[in-house]
Amino acid sequence: MSVTSATTGKMNANESITISQSQPVAEDGGYDFYFGPAHPGSGNFGVKLRMAGEVVTSARADPGYLHRGFEKLMEYRLPIQNSVLSDRICVLEALNWNLIHAEAVEELMEIEPPERAKYIRVIMAELSRIQSHIIWFGAFSIGTGFETGFKLAFGYRDYILDLFEMITGGRVYPAGYICPGGVRRDFPDGAPQRIAQVLDQIGRMVRIEEIEHPALPARTKGVGVLSLEDAIRLGATGPVLRASGLRADVRKDDPYELYERFDFEVPTREEGDAYARYLVGIEEVRQSVRIIRQALQQLPEGEVIAPNLRRIKLTVKIPEGEVYVRNEVARGEAGMYMVGDGGDKPYRVKIRGPSFLHMIPVLEHLLTGAQIADVPAIYWSLNVCPADLDR
Amino acid sequence: MVVKEAPEILDKIALEFKTKGEVRRKGRIWLDMPAEGFVDFCRWLREQGFEHLSAISAIDWPAEGVYGLAYHIWSYADKTLITLKVKIDRQNAVMDSVTSVWDGSAQAHEREIHELFGIKFEGNNNLTPLFLEDWEGPPPFRKDFDWREYVGDKCYNRENERERVYYD
């Protein structure tokens, strides 16, 4: 194709452009196809696909659109500031990242939060997991063309956001509610009753999600199959790993907070396809509801923050040392490596987000050889979050 | 589920490699390792069931002139986390890649460290940058890189009245 010069109206050889320069079509008929970052379903993330007809021949993850350099920023800030910053590591489950940051600082400083604070933390972390899974169902539904599921999910998520607003003051970002030493403030009056009511609503939602919409299994069964061997080799964790058949959950295997006190199951599937991951997610919501109900029942009275941090101190000393803490967040295994040098700021923080491996090696592996129509289904079945990949 | 105590693997390591590990708390082992023979040790460790490379962390110690690397490795069977710590020269920051042991996950972690710290991993065939586009500055997570200074130099204009506040 060529363009004509605007001034002379004649065609000018120098101005001629061709479409094939921007979208090269190779001799074998292959072409490049970019899924994201402007695709409404991709989030702030792109995958560069090499296509042959309708089949993806190779995929290359293109992250970086949300790289904010948290690891470096945290070196410049005090723990009290970092706990607010830790909200932003993953927008979709801010409280879980609050918790892991608080645990890292506590383990370095050898602080033990009071019992009641630990229960509140478990309740908030599990509520956060449920609402994160609900977003996952919403995004997964819309990615496979089931718009009702999307609206349903986001409607139910709002019940939990209302709880967050009541307890932490923020709907999406709790602004460091779970802080080193405990939690920032106690539950307001009537919070346990409100939580119990919301759990009933969530139970209703899970039952609706379970009603088989024929389009969903049709589009996800047998799609994006991840064998257990590949899952381990590529570093998959969380629901992705469990859907491939390994019963591994940090809450059970390496208990933190109070998880060894609660009775809950770790759901697994053998198939390893997109549909199996979805089913694991549904069951996890039900298990989280179980954990919260037990925690509400056992919730003791008492302080919610460690005595030496009761009065907010802007500067605390982070002793020399290093820790690596691991938590199970909604997407899988989260880790934080923190090094202290005796100053009031951490010397180095390394954040391990579960999506880092899910979105680079796992996604590239699953997309290779897939049909183009299955790309959104595979992408969303991994429960991804570009924010914790880029950090 | 029976959680095995950590020392069993620790005894094995002491027997095979004459290195002493330290148990900091239940299920957490820390080990200082030399860079020579590191990949062989990792391969042996993977054969013992340490299949999951959770993360690799790099730490910059400019005063000592070294980079520290910490490999956090989890065993699904033993329910134990081993952290291997290696120090490499800061001037000649080259490390053997563990992609032959942990494959895809190691490759992605090493790619990130190569971009943000400038450490080269020999044997990793894909070290293309992940996050930063057209970056020409030094590796940004090094301690001697001050992002405030960099942003002041490159992104703001001192002549501009609104942007002047960033320099005060």
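**A walk through chains A and B**

The secondary structure of chain B comes to four helices and seven strands, where helices (H or I, at least four residues) and strands (E, at least two) are DSSP runs, numbered from the N terminus. This is a predicted model, in which local features need pLDDT of at least 70 and side-chain atom pairs count only at pLDDT 80 or more, while totals for chains, interfaces and linings use all residues. Residues are numbered from 1 along each chain as its sequence is written, and chains are lettered from A and ligands numbered from 1 in the order in which they are written.

Chain B, read along its sequence, has the pattern α-β-β-α-β-β-β-β-α-β-α. Its C-alpha atoms fill a box of roughly 65 × 35 × 30 Å along the principal axes. The radius of gyration of chain B is 20 Å, whereas a compact globule of 168 residues would have one near 15 Å; the radius is taken over C-alpha atoms, and the globule rule is 2.2 Å times the number of residues to the power 0.38. Of the 168 residues in chain B, 37% are buried. A residue is buried if 20 or more other C-beta atoms lie within 10 Å of its own, exposed if 12 or fewer, and partly exposed in between, with C-beta atoms placed from the backbone. Among contacts in chain B between residues at least 6 apart in sequence, 50% join residues at least 24 apart. Two residues are in contact if their C-beta atoms, placed from the backbone, lie within 7 Å.

In chain A, one place to start is an open sheet of three strands, with the order β1-β2-β3 and antiparallel pairing. Two strands pair if DSSP finds at least two bridges between them. The edge strands of this sheet are β1 (30–35) and β3 (55–62) of chain A, each of which pairs on one side only. From one strand to the next, the twist averages 20°; axes are lines fitted to C-alpha atoms, for helices over the stretch in contact, and angles run from 0 to 180 degrees between N-to-C directions.

Strands β1(A) and β2(A) run antiparallel and are joined by six bridges, with F33(A) opposite L49(A) in β2(A). On the other pairing, seven bridges join β2 (residues 46–52) of chain A to β3(A), again antiparallel. Here K48(A) has R60(A) in β3(A) as its bridge partner, and A52(A) stands opposite V55(A). β2(A) and β3(A) form a hairpin with two residues between them, and G53(A) in the turn has a positive phi of about 65°. Helix α13 (residues 354–367) of chain A lies across β2 and β3 of chain A and runs at about 170° to β3(A).

The largest nonpolar core has 142 residues, of which I123(A), V362(A), L363(A) and L367(A) touch the most other members. Such a core is a set of buried Ala, Val, Leu, Ile, Met, Phe, Trp, Tyr and Cys residues joined through C-beta atoms within 7 Å. Helix α5 (residues 115–143) of chain A provides the largest share of this core, 15 residues. Leaving aside neighbours within four places in sequence, I123(A) is in contact with I195(A), I292(A), A295(A) and L296(A).

Further along chain A, β6(A) and β7(A) pair in the antiparallel sense over nine bridges, and a hairpin joins them through two residues. In this pair R326(A) stands opposite G335(A) in β7(A). β7(A) is also joined to β8(A) by five bridges, again antiparallel, and V339(A) has R348(A) in β8(A) as its bridge partner. Nine of the nine residues of β7(A) are buried.

The two chains meet where 30 residues of chain A are in contact with 27 residues of chain B. Elements of chain A that each supply at least two residues to this side include β6 (321–329), β7 (332–340), β8 (348–352) and α13. Helix α13(A) gives the most, with five residues.

Where does Q107(B) sit in chain B? Q107(B) is found in helix α3 (residues 99–117) of chain B. Q107(B) counts as buried because it has 22 C-beta neighbours inside 10 Å. Neighbours within four places in sequence aside, Q107(B) is in contact with P361(A), T99(B), N124(B) and N126(B). The C-alpha atoms of Q107(B) and N124(B) are separated by 6.5 Å, although the two are 17 residues apart along the chain.
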